[in-house]
Protein chains: 2
Amino acid sequence: MTATAWQRRSGEPSPDDLDRVDAWWRAANYLSIGQIYLLENPLLRQQLAREHIKPQLLGHWGTTPGLTFLQAHLNRAIRERRQRTLFVTGPGHGGPAVVAGAWLDGVYAERYPEVGVDERGMQRLFRQFSFPGGIPSHAAPETPGSINEGGELGYSLAHAYGAAFDDPDLLVACVIGDGEAETGPLATAWHGNKLLNPAADGAVLPILHLNGWKIAGPTLLARIPEHELVSLMRGYGHEPLVVTVGFDDEPTREVHARFAAVLDDALDRIAAIKADAAAGTLAERPAWPMIVLRSPKGGTCPDEVDGERIEGTWRAHQVPLSGVRDDDGHRRILEEWMRSYRPEELFDERGAPAAAVRANVPKGDLRMAAEPASNGGVRREPLRLTAIGGHAIDVAPDARGAVEAQATAVLGEWLAEVIRDNPRTFRIFGPDETASNRLAPAVYAATERQWNARIEPGDEHLALTGRVIEVLSEHQCQGWLEGYLLTGRHGLFNTYEAFAHIVDSMLGQHAKWLESAMHVPWREPIASLNYLLSSHVWRQDHNGFSHQDPGFIDVALNKSPEVVRVHLPFDANTLLVTADHCLRSTGRINLVVAGKQPAPQWLSMAEAEEHCRRGLGVLPWAGTEREGSGPDAVLAAAGDVPTLEALAAAAILRERAPALSLRVVNVVDLGRLQPPDVHPHGLPDDEYDRIFPPEAPTVFAYHGYPWLIHRLAYRRGHHPHLHVHGFLERGTTTTPFDMVMMNELDRYRLAIDVLQRVPGLAEAHAGLLDELADARARARAHTREHGVDVPEVADWRWPASSLGS
Amino acid sequence: MTATAWQRRSGEPSPDDLDRVDAWWRAANYLSIGQIYLLENPLLRQQLAREHIKPQLLGHWGTTPGLTFLQAHLNRAIRERRQRTLFVTGPGHGGPAVVAGAWLDGVYAERYPEVGVDERGMQRLFRQFSFPGGIPSHAAPETPGSINEGGELGYSLAHAYGAAFDDPDLLVACVIGDGEAETGPLATAWHGNKLLNPAADGAVLPILHLNGWKIAGPTLLARIPEHELVSLMRGYGHEPLVVTVGFDDEPTREVHARFAAVLDDALDRIAAIKADAAAGTLAERPAWPMIVLRSPKGGTCPDEVDGERIEGTWRAHQVPLSGVRDDDGHRRILEEWMRSYRPEELFDERGAPAAAVRANVPKGDLRMAAEPASNGGVRREPLRLTAIGGHAIDVAPDARGAVEAQATAVLGEWLAEVIRDNPRTFRIFGPDETASNRLAPAVYAATERQWNARIEPGDEHLALTGRVIEVLSEHQCQGWLEGYLLTGRHGLFNTYEAFAHIVDSMLGQHAKWLESAMHVPWREPIASLNYLLSSHVWRQDHNGFSHQDPGFIDVALNKSPEVVRVHLPFDANTLLVTADHCLRSTGRINLVVAGKQPAPQWLSMAEAEEHCRRGLGVLPWAGTEREGSGPDAVLAAAGDVPTLEALAAAAILRERAPALSLRVVNVVDLGRLQPPDVHPHGLPDDEYDRIFPPEAPTVFAYHGYPWLIHRLAYRRGHHPHLHVHGFLERGTTTTPFDMVMMNELDRYRLAIDVLQRVPGLAEAHAGLLDELADARARARAHTREHGVDVPEVADWRWPASSLGS
C-alpha cells in the first residue's frame, strides 16, 4: 500500500461512510471504558458483576471520546486520501483512546501477539491497562503510534513540528488539549509555522480540543469569547476552523457530517498549500488551517450520577463512576453506559471488530498506529560522518598548550561536513546561539537558518531551506529535536549551559521515554539526543551570575545511567572525538560541555581518541610521577577550564616542588567514576584504584558543583582522600580568572591544596604557600584595579611557570 | 508626595515638556554609553584617550535606547498624573539604561552615597558597571527599581502581574523584548489579564518592544505582518496600540509627540477601566491596552562603522564599537557619538543633571527607581498566623499510627485561617491542583479562585476576587508568586512534585536573586518563596513514570545554602509546624514535600514542634535501643512514605530480632545533615555523631534520589557505614507498595538491609531473611494478580507485626 499524499476530497462523505466512522468511534469508546473498568467479561456476555471490575480504577475518561472521535474521522480521511498521518496526542493521559485505536486497527496485535484481536485479547487489553505489570495509563512508548507521552503537558505541538521537518509527505495531526494550551511551551509552539518549509517539510494540523475543563477547573481558552480565540489563532498565523459538536447530545449523523466537513476543508486547504509549494507558486508564508473542536468533556458518558452533573464537567476528567465495584447501582449505570455503544454491532462472536468497524480502518502502514514515523528507529539510517581527522588540531608532544584553538569553532568545521553529507536527516537547533557558540561561521558556509517569516535586505543566513533552526525558546528547540529524533532522524541542540535548566523537565521526560522504550521490543533505537552546552559557567564572566550554572549535568545524572552520558572534552580534538561518538550513538542523552573561547590545545588526535575511549586517563606529560613508585598526590580535572587550571597548578608544582610525585588525571566521561554495577561505563574498582590510589590524596578540579563528584565516587577507595573544587554558586560580572578564584578553583588554590594534603609537604614549602597566597591576592587586586586579569594568568603558556616574578 | 492614581491626561504635552523628555532621554543614553565604555573623563572635558576606555567592553547597547526612551516618557506621564509606577525591564541585560535612570532621578545616590550626583559620582557610576568588584551588567538586585534581572528571559510579564495583584493603585509598566516574547513562559503570560481583578488589583501595561533583533538573528514578532501581530494581541485580550519611531532618523519632537500620544492614550484607557471598575460598572473583562513600540535596535548609535551597518541590526546588540581602546578612529566615532547627545546641555559644571533634565524627574517615591514596590522588603508586614495548635491531630503516645489523616488536608484547614486573617497579602498559586493536593475543600470555604474569564452556571469556587489563582502553567504560578513576594507580600506555590522541574530554572534565578540581594544593604528581606510539593513520587503510582520524579530537591540544593531549605514533614503535625515556620521566614526558598493521602499519624503537636525545631531526631518509641549502650544499627528516614516503611521495618525487627539494638531516626530538615561550615543548619559533628554513631551501620530510607544523602553527608563520620535507599528512577503505573518495592525502599528490604549490615545478625536470622524475601515475592505476585497491594501492607497498622501469617 503506497501512500499518495495531499489528495483533495472526492466529495461529501456518504451516510454509509459516516456510519462506519460512527461504528469505529463507538467501538473505540467501548474499548476505552473497558480498559478503565473491566477485568473480565469484556463483551458483556454476562451481567456485570463485582468480580468483573478492577479493584483500582485508574485512567482519564474526560479527553477520551474526543481522541477516539478524531481518530475515527482521521481514519476516514486517510482511507479516502491515502494520506500518511502521524497522530500526536497532546492529552496523552487519554491513553485508553490511543490503545483502543491501535487495537481496532489491528496494529496492537501485530506488536503484542498475546493481545490478539479476539475476546481473549480484548480481555487482556482491558486487564493490562493501568494494572501492575501491565501498561501505563498514558500514551507511553509501549503505545503503538505514540511519540508523545503527554504526562507532562506542553510539548505536543513542538513534537509535531519536529516530526514534520524533512518529511514532505507526512501529515502530523496534533491534538492539543485546552489544559495543555495554557502552558508556556505550547503557547509559543504555535509559531512553529514560521520555521516550516511548506515544500520540503510535512504539514502540521493542530487540533485544539476545547472540552472546557482541566482536573478541577475550567480552561482559559474555553472561556474567552470566540472572536478572541479566532484572533489568537490568526495572530499565530493560522486559519482557524471552529466546530462544535455535542456528541450524543445531538443526532449522530449530524455530528459526524459537521466534523467531516471541517476536517475535509482543513485537509483540502493543506493539499492546496502543498500543491502551491510544490509548484513554487506560494507567494508568502501560508496561513495553514487549524481546527478548534469544542465538545463536551467526557461526552457519551452518563449525564448525571447521584444528582451530580458528570458529562461536560471536570467530574468526567478521570473516572466518572468510582464506586462500580461495590455499588450495584453504579455498576448498572456502567453497564448501561457500555451497552449504549451497542457492542453487539461492533464486535463479532469471536470478539473481533465487526465488518462495520473494520471498514473504517486504513490499510497497512497508513494505519496511524503503524505509521513508521511513530517508530523512528525503524527508519533511522546512520549518519554519513566524515573522518574527524581532517579537522584535527595538530598538537605535537613538544608543543602542548602552545597551539590555541576554539573548540566549538573546530567542531563547527566538522559539523559543516556532516550537514553537507546528510542534507535531509541532520539538523541543529538552538536559541539564537549558533554563532555565539562559534559553530558559525563554518556551519553557515554549509547551510542557512531555516526561516519562513519575512526576510529583509541585509539579513544573513536566513532562507526557506536550512539545516539550522533557531528560536529564542529552549522548549521549542528541545521539542523539535525530540520530534525529529523520535521519527528517525539525527540532530544537535546547542545552547548556553545555564539556560539548559529551562528544559530540565523535558530532559527528564525524554530520558524516561528512552528508558521505557528500551524494554519495548518492537521499538528500534532512535538517534541520541545530543546537547552541546557551550558558553559555560566559567566563561559567562561578562554576563554575570544569572548566566552561571553548571547544574544541568546534575539533573541529567539523576536519570537512568543506561540513558545519560556526560562528556567533558577539554580541547578541540577531544571535542571532535566526543561529537563523532555522540552522533553515532543511539538511545542516549549525551551532554557535551565544551568551550568556545580561544584556549590552549593539549592532545593530538591519536591521543584524544585513546583518551576518550578510556573516558579518563593519566596525562603523563603533565605530572612528575616517578617510574614505579606511586604518586604522592593526584591532581584530577574534568572540563576545559578546570583542566587548564589543574595543568597550570601542575606546572607550578613541577617547578617549585620537584620532590613531589604528582599524577595528573583528566576525566572526559563522568560515568567512569561510578561503580560498574551502577553505571555501564563504571570503571572496575581495581582499574579505578590504579588511577586513583586509595591512600593518595586526590585534588579534583571539576567543571560543575563539586558535590557531584562525591556523589559519583563515594563508594571508591580513595573517597576519604578526595577533595573536589568546583562551582560554589559564587559569581557575578567579572573576569574569567576572578571567576575561578571566587570559587576556589584557580591554579594557586589547587597547588596550595595539593601541598597541604600531602603529609610533610606544606612544612617543606611554607615559602611557596605564602607566594601562592600572595599570587591570589595580587591577581584579585589587579583585577579590581584594572578590570582585567593579571598578565601572568592571561598570558600564561604551558610549560612556563605561572608564578611570575 | 502622595500619589493620585489613575488620572486622565490634562492635555497634549507642550513642546517644552517634550523637550524635557528629550533632555532626560539624551542624558540617560549618554550615561548608558559611559557605563559601557568609560573609566575616566566622564564629562568629556578632554578628548577621549586610550586610558579613558575600559579594557574590557561589556554590556548590551541594543535594547538600551528603547529602555531609556520608555523611562523618559513614563517620567513625563508620572509627573502629570502622579501615578505610582513600577518599571519591569524584560530586557534586563539593558542594565545601563535602568542604572542611568536611577542615577538621573537621584535614587542611585540615595542608595549608594559614594556614587553621588556629580562628576566624581558619574565617574564611579561608569567605572563600576560590569567591572570586577563593581555592579553586574543586568538589572540585578543591586539596581534600584528592579524586580526582574532579565538575564534569563521569559518572566517579566508574569512578574508584572504578580506585582499588580492586590495593589490597586499601582501601574506596572512591563517592557517585553521581542526576543523574550519568543519564549514559552512569556507567550502564555499574556493571559494573565484573565486572572486580574480590575478593581482590587493594579494595572499592567505591557510594552512589546520590537527592535527586531536578538543576538544574531531577527525576531519572529518583528517579522510577521502587522495584521497578524494585532490579531495576536487582540487574541490575548488586549487592545494593541502600535507605534513606530525612528529615534534620531526623524525629527525629535515628532518622535516624542507620537509616542507621548500613544502612551497617554494607553494610560487614559487604563484610567477609564479603573474608574469603571471602581464604580462597579465594568460589564465584562476589559480589553486592557498594550503598546507595540517599533524602533531601531541600538538607535542613536553610529549608523555604520567600517562600512558595516550597525544601528538597526543585530550588530548593535552588545557593544557596537569594540576597538575603541586601541583604534583611534573608532575612539573618535565613540566620542562623536557621545557628544551627539550634547552633554553640555545635560549636566551642569559639577556633573549633576541640568535643570532641563531634572524637570523630567518625578517627585519622591513616584520616581520609578524609588517605588516601594520595587523593594518589597520595606513594605512587607508579617502575616497574622493563627496558632497551629488549633488544627493539630491528637496523637497520644499509646495511639501512634492508629490515627489516620491527610496531611495536606489538615494544612488546608490552617491555610484557610491564614487566608481569612490576611485577606490582602497572602495568595496561593498552583496549576489546577489545589483540590487535587487536598488543600481544598478547606481553602475554598475561606476563599475562591480568582478568575476574570467567563463564569458559567455550575462553576464552583470561581470569582472575580479570590486568594487562589490557578492556571496550567507552572511558569506563571512561579512568576506570579515571585512578583507578589518581591513587592512585599506572602504566598505559597502548590504543585505536583515531578512537574516542579518545569520551573527548575526559575528557582535557580530566584535563588540567585535572593543570594545577591542579601548583600544589598538597602534591600530589606522579602517573604520566602514556599513550595508545597504534594502528589509526590511515591503516590503517583496511578499516573505512572512521567509523574514520578523527586529531583527538584536536588536542583534546589545546588543553590546557596543561605537561601534554600528542604523540609520533609512526615505527618500532619510536622507539616503544620513546617508550614508555620516557612510562612514566618524571609529571604528563603522553602521546599516542603508532603503527602496528601490518608496516612498514619506519628507525633503529637508538642513532639512535632520539638522534632522540627531540631530538624532531625531519634524516635525512641520506634526503636529497641537499650539504655546506655549505643545502637547496633540506625534506621533513618526522611519523607512520609520512607518513614512509614522504616517504621514498619522497625516493627518487624522489634518483634522478630529482639536482640538487635535498633535506633530509629527521622530527618525533617535535610540541611542538618550537612557540615555546619557548609550549611547554616548543619549539625556540629559531635552532635551528629551522637545521633549517627560513626561505627554503627545506618540504613537510610530517603524520599528522593539516594545519592543526595551521600552528597550531603559524605564528610560525616558514619559515611562509610551509610546505606541509602531511595528512588532509583524505576516506576510505572502500579500500586503504592509496588512502587517502593521496585525501588528497594520497602519495609522488607529495609529490614533485610539492617539484618545484613549488623555483624552476626544475618547468620542468627537466616530464617527471618528468607521470610522477608518471601514476603516481597508474595507482595509482588499478589499485586500482579489482583492489581492491589497485599492486605498485610495495605491494612498494616503500627505496632502490629507486618509479616502477616
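This short talk walks through some local features of the structure above. Keep in mind that this is a predicted model.

Let's start with salt bridges. A search of the whole structure finds 122 of them over all chains.

A:R9 and A:D268 meet through their side chains, 2.6 Å from N to O. This pair links distant parts of the chain. A:R9 sits in the segment before α1 (15-37) of chain A, and A:D268 sits in helix α9, residues 252-279. Now the surroundings. A:R9 is partly exposed, at 28% relative accessibility. A:D268 is at 9%, so it counts as buried.

Next, a local pair. A:E610 forms a salt bridge with A:R614, and the closest N and O atoms are 2.7 Å apart. Both residues lie in helix α19 of chain A, residues 605-614. They are four residues apart, about one turn of the helix. Buried or exposed? A:E610 is partly exposed at 31%. A:R614 is partly exposed too, with a relative accessible area of 45%.

Third, chain B. B:R449 pairs with B:E470 in a salt bridge, closest N and O atoms 3.3 Å apart. Again, distant parts of the chain are linked: B:R449 belongs to strand β10 (residues 449-450), B:E470 to strand β12 (residues 468-470), 21 residues apart. B:R449 is buried, with a relative accessible area of 7%. B:E470 is buried as well, also with 7%. Back in chain A, which residues does one network of salt bridges join? Through shared partners, A:R9, A:R76, A:E80, A:R81, A:D264 and A:D268 come together in it.

Now charge on the surface. A:D248, A:D249, A:D303 and A:E304 gather there in a patch of negative charge. Take A:D303. It is in the loop between β5 (289-294) and β6 (304-305) of chain A. Its relative accessible area is 38%, so A:D303 is partly exposed.

On to backbone geometry. A cis peptide bond joins A:A440 and A:P441, with omega about 10 degrees. A:P441 is in the loop between β9 (426-430) and α14 (442-446) of chain A. In chain B, the bond from B:A440 to B:P441 is cis, with omega near 10 degrees. B:P441 is in the loop between β9 (426-430) and α14 (442-446) of chain B.

Two residues have positive phi without being glycine. A:D306 has a phi of about 50 degrees. It lies in the loop between β6 and β7 (308-309) of chain A, and at 65% relative accessibility it counts as exposed. For B:E744, phi is near 60 degrees. B:E744 is in the loop between α23 (736-742) and α24 of chain B. It is partly exposed, at 25%.

Last, a pair of strands in chain B. Strand β21 (residues 698-702) runs parallel to β22, and four bridges join them. Within β22, B:V724 is the bridge partner of B:F700. In a regular strand, side chains alternate between the two faces of the sheet. In β22 (residues 722-725), B:L722 and B:V724 point one way, B:H723 and B:H725 the other. All four are buried.

Notes: Residues numbered from 1 in each chain as written. Chains lettered and ligands numbered in written order. Predicted model: local features only at pLDDT ≥ 70, side-chain atom pairs only at ≥ 80, totals over all residues. Heavy atoms only, no water. Patch = residues over 30% accessible without salt bridge, like charges linked within 9 Å, V, L, I, M, F, W, Y side chains within 5 Å. Areas by Shrake-Rupley, 256 points an atom, 1.4 Å probe, with all protein chains shown as cover. Salt bridge = Lys/Arg side-chain N within 4 Å of Asp/Glu carboxyl O. Lys, Arg positive; Asp, Glu negative; His and termini not counted. Charge placed at Lys NZ, Arg CZ, Asp CG, Glu CD. Buried < 20%, exposed > 50% of the residue type's maximum accessible area, 1.4 Å probe, protein only. Pairing = 2+ DSSP bridges.
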